Amino acid sequence: MLEKIKNILSQANEELEKVSDLAGLDNIRVSYLGKKGHLTLILRTLGSLSPEERPVVGDSINKAKAELEEKISLKKETLEKTTSKSSTKLLDLTLPGRTPFKGAYHPITQILNEICDIFTSLGFTVSQGPEIELDFYNFEALNIPAEHPARDMQDTFYVSDNVVLRTHTSPIQIRTMQKRKPPLKIIAPGKVYRCDSDITHTPMFHQIEGLHVDKDLSFSHLKGLLIQFLQKFFSADTKVRFRPSFFPFTEPSAEVDIGCMMCGGSGCRVCKGTGWIEVLGAGMVHPQVFRNVGYDPAEFTGYAFGLGIERFTMLRYGINDIRLYYENDIRFLEQFK
Amino acid sequence: MKVSYSGLKEFIPLNISETELSYSLTMKGIEVEDISVIEHEVILTVDKPPAKDYIFELSVTPNRMDCLSFMGIARELAAIYDISFHNKKIEIDYKEPYKLNLTVPISIQNSDLCGIYVGVVIDKVKIGQSPEWLKKFLENIGVRSINNVVDITNYIMFQWGQPLHAFDFDKLEGHEIIVRNAREGEKIKTLDGKERILDSSMLVIADKYNPVGIAGVMGGESSEVTTDTKTILLEAAWFLPQSIRKTAKKLKLPSEASHRFERGVDPEGVMDACKRAVKLLCDICGGAQTSQFITANGNLPKRKRIIFKPEKARKIIGAKLKDNEMINILRRLGIDIISHDIDNFILSPPLRRFDITEEIDFIEEISRIVGFENIQATYPKTPVFIQPEEPLYKLETSAKDILKNLGLFQVINYSFTNPKNIKNFAVSESDKRINTISLQNPISYEQSEMRTFLLPQIVENIQHNIAFNKRDLRLFEVGKVFIKDDNTSPLPLEEIHAAVVLTGRKYPPSWTYPNENVDFYDIKGMAEYFLNFFSETGIEFMEGNNTDEPFMLADAHLDIFYNNIKIGYLGEISPNILKNYDILTKVFAFEINLLPFSDINKHYKRFQPLPRFPNISRDTAFILDFNLSSQEILIYILQKNIEFLNNIDIFDVYTGKNIEKDKKSLGIRFNYMSDERTLTDSEVDEIHNSLIEEVLSKFDAKLRD
Ligand SMILES: [Zn+2]
């Protein structure tokens, strides 16, 4: 009996080797495993065997069935693969898919968002204010009185004698401090205007300024924060240096340079041969600014910083002509998809 | 400002390279923008002329007037390197002659505006060329040599920081000097040959009758030193900075002298500079001093006493600096220590340091000289606190986000625009958008008015791109417009607008999409989709009144309302308007004021239980009068409040074959549902059929077969 099972199995294997289509494979399945298949029929003869033989043969038949089933299903997989390849193609899979339009932010917006995201992750929240501003908020409250030479640092657009287009987003700092008590940790992004138009200046540009007021903030903290920000934005090995400078609303004031990424510090056109590129202005909030908004400079200290988005955008993308920013040429905008 | 290496060496011993010097100055706050090398030999008054010299181009911040001279920079270097600063040239060289008989009446009438006025007369002056060394000195720092007298005054100004002026003494009527305010409308011809009309706020130097110079700004032509001049009166003075600044600004007459006076020259250095000049005038021009230094005094600033707490400095800088280390730095900068106890120092800065008026100014000086590079970077121990959000920023960023994700490109235009745009867009006289805010000092006419709506500039963007044969354009802008406010606020209303324009293809160029152009329903759908993000209720579209938006095509635009207030418009821009911008294709647009959405309270959605029983739908197509709006039928059906009718929507609109000319077919899907049970087909049929009958008779409609 066991011999017979063995023969049936080897015959089935032989047929499986030869079969080349799915229909033939199904015939094999039916002729061995179907209701009247060889292995099924032999199972029915079990009754004629002695009680000792019965479990041995039964077990052997079941094993043979399982083996065959697996072989058939394997064969089926291979046949299916080859069959589909040989049939006529329904699709040209190389044709491009049906994509919708893809839009893009203006590169200025992309960089502005990126910078805002870094500072929000550091606990700053966004504040906003008017673009047409009172002289008081744009200058006076920021420790820039009317006859101060520092007014020359910024060419101002005037709407009337005491109304200007804001020359920086600093007035937002004043408005926010007037409304809220410390602690305070804000960034103020937005458009600013200066009466200046040439190859390196557009009369409108974008700034982000930050302000952090609390007890015990120091210049050392300002350094820590800005180095962290610049290394996040540019790269972890960006060199950063702080130089003393002058802004009426901060003291001490600093200009912040990064090591030139174009030449690696050896000097090139971008860094005017110095190896450094100026990217930020910063400093400790001037006590007079605190007094102007009713904060006690003996109790609170704070730092502030400001940067131009156009500059960061130029450095990130290597844009070499700032006039492109406001021409809104689609060939320019499309590059930032 | 330029200084030369050799010029600095006259004040201090320098044995550092030009690169190190440049680095030190830059890192201490005086940025060196450029270094140039002078190869040829420079002959100087010092014994050994260097074969090579370096010229440093410096950028001096406006608070550091005291650094606008060779002496100032030398003093700064002395403080940085802790070396002694010596000006050997003065007291040693100058000896006042014995008999000086001449006196000149000098008076100050406005002692607030003039702190001190020193006049000295020098006779027998021979006007001629300057010696070679002086010419070279001036040439190196970019100043033209004029004659020996003028060159000497310039030399003193650049080297010592004190502007001087030389009058032809014989041309001063009455041989008298009066420092007074100008009379209203008084005239003077300045050295540049131009006649200036003065007002009473301006300070002038006058002789007995007339102004001979505008104080601190420019001398007058009538008393100019010429080749015939024999006797000069040399002026050295201190004027109130604010006054000089106002005058120079009003007259649009900035000069090297006013640049210094308006920042404040050293009140303690006026006399020294004057003596030095007299010495040179005698040595170089063969002159002889014939008067004493005649001095008239006004209100000169006085030295202040300011408290300094070392602990405060450590707190602000965030570095562990020792008391004596800090005090030593301040002493190097010429600041006197008056007294001190354990926690406080009483300090007195020199008068030339106009920038030092309170404690923080000492702290800045200390941090600067210590060097920012020597202050360690640390991180603040910030307490955790939640701050209020800025609703307008959120509004703006989400608008940009939605539109970008709709496949549009963001443009950013200037906030100022061409006044011609308002005319081109035919904005009516009664429209608030015509009331633009003008700039007093625009860059150009094309950028002289603040925009009151976004559409014109974004249409200009289309014009620009079409010129480069880019015709498939999908652009948006989100930004502020500026509306004159009727109320008393001095500031305008700033609205945040979002604008979209579509022109050209409906789909991306592709083998698979139909080659169709955008139409009205593209812009309407986009507006609907966009607005839905801001509010799911209260938005209405109404057929536009053409007088409101004269730039939109009469039959193809809608006004957009939110809670019954108009917030914008959508549709097709009128071809008549587009012609002004050479645009011949159809352009669809919307513009929406987002401000009304800023006070929408954050409302969280509430979950609705899912319907427990299935929906049964019936589709019916009606043949209707072509002019009947679909909205009218939908509203009619909904207002009947039919039981189980859950919602309806339009699935088909058709005109053309098999439909009469002035008719259209409108296919409506009716969805029926109950909350309590599954509806049977027959009961739905009964409800639906009777509803259809009502619609047919109401609108005189037929069913489409
Ligand atoms: Zn470089």
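# Notebook: a two-chain predicted model

I started with B:Tyr507, which has 28% relative accessibility and so counts as partly exposed (buried is under 20% relative accessible area, exposed over 50%, partly exposed in between, with a 1.4 Å probe and protein chains only). I note that this is a predicted model, where local features need pLDDT of at least 70, side-chain atom pairs count only at pLDDT 80 or more, and totals for chains, interfaces and linings use all residues. For bookkeeping, residues are numbered from 1 along each chain as its sequence is written, chains are lettered from A and ligands numbered from 1 in the order in which they are written, and side-chain values use heavy atoms, with hydrogens and water left out.

**B:Tyr507, continued.** I placed B:Tyr507 in the loop between strand S23 (493-503) and helix H16 (520-534) of chain B. Helices (H or I, at least four residues) and strands (E, at least two) are DSSP runs, numbered from the N terminus. Which residues is B:Tyr507 in contact with, leaving aside neighbours within four places in sequence? I found A:Phe101 from chain A, plus B:Tyr513, B:Pro514 and B:Glu516; contact means heavy atoms within 4.5 Å. I also checked B:Asp472, 35 residues away along the chain from B:Tyr507: the two C-alpha atoms are separated by 9.5 Å.

**B:Thr417.** Next I looked up B:Thr417, which sits in strand S20 (residues 416-417) of chain B. Its relative accessibility is 11%, so B:Thr417 counts as buried. Not counting residues up to four places away in sequence, B:Thr417 touches B:Tyr445, B:Glu446, B:Gln447, B:Ser448, B:Glu449, B:Met450, B:Arg451 and B:Gln457.

**Helix H11 of chain B.** In H11 (residues 323-332) I listed B:Met326, B:Ile327, B:Ile329 and B:Leu330 as buried. Seen down the axis of H11(B), the buried residues fall within an arc of 155 degrees, so they line one face of the helix; the arc is that of the directions from the helix axis to the C-beta atoms.

I went through the cis peptide bonds in chain A. One joins A:Pro182 and A:Pro183, with omega about 5 degrees, and A:Pro183 lies in the loop between helix H7 (170-179) and strand S5 (184-193). Another runs from A:Glu251 to A:Pro252, with omega near -5 degrees; I found A:Pro252 in strand S8 (residues 250-259) of chain A.

Then I took positive phi in residues other than glycine. A:Asp216 has phi near 65 degrees and is found in the loop between strand S6 (204-214) and helix H8 (219-233) of chain A. With 48% relative accessibility, A:Asp216 counts as partly exposed. B:Asp700 has phi near 55 degrees and is in the loop between helix H19 (681-699) and strand S31 (702-703) of chain B. At 64% relative accessibility, I logged B:Asp700 as exposed.

**Chain A as a whole.** I counted eleven helices and ten strands in chain A. The radius of gyration of chain A is 39 Å, well over the 20 Å that the globule rule gives for 337 residues, so chain A is more spread out than a compact globule. The radius is taken over C-alpha atoms, and the rule is 2.2 Å times the number of residues to the power 0.38. Along the principal axes, the C-alpha trace of chain A spans about 120 × 45 × 40 Å. I have 54% of the 337 residues of chain A down as buried.

**Chain B as a whole.** Chain B has 19 helices and 31 strands. I noted a radius of gyration of 40 Å for chain B against 27 Å from the globule rule for 705 residues; that is well over, so chain B is also more spread out than a compact globule. The C-alpha atoms of chain B fill a box of roughly 130 × 60 × 50 Å along the principal axes. Among contacts in chain B with a separation of 6 or more, 69% are between residues 24 or more positions apart.
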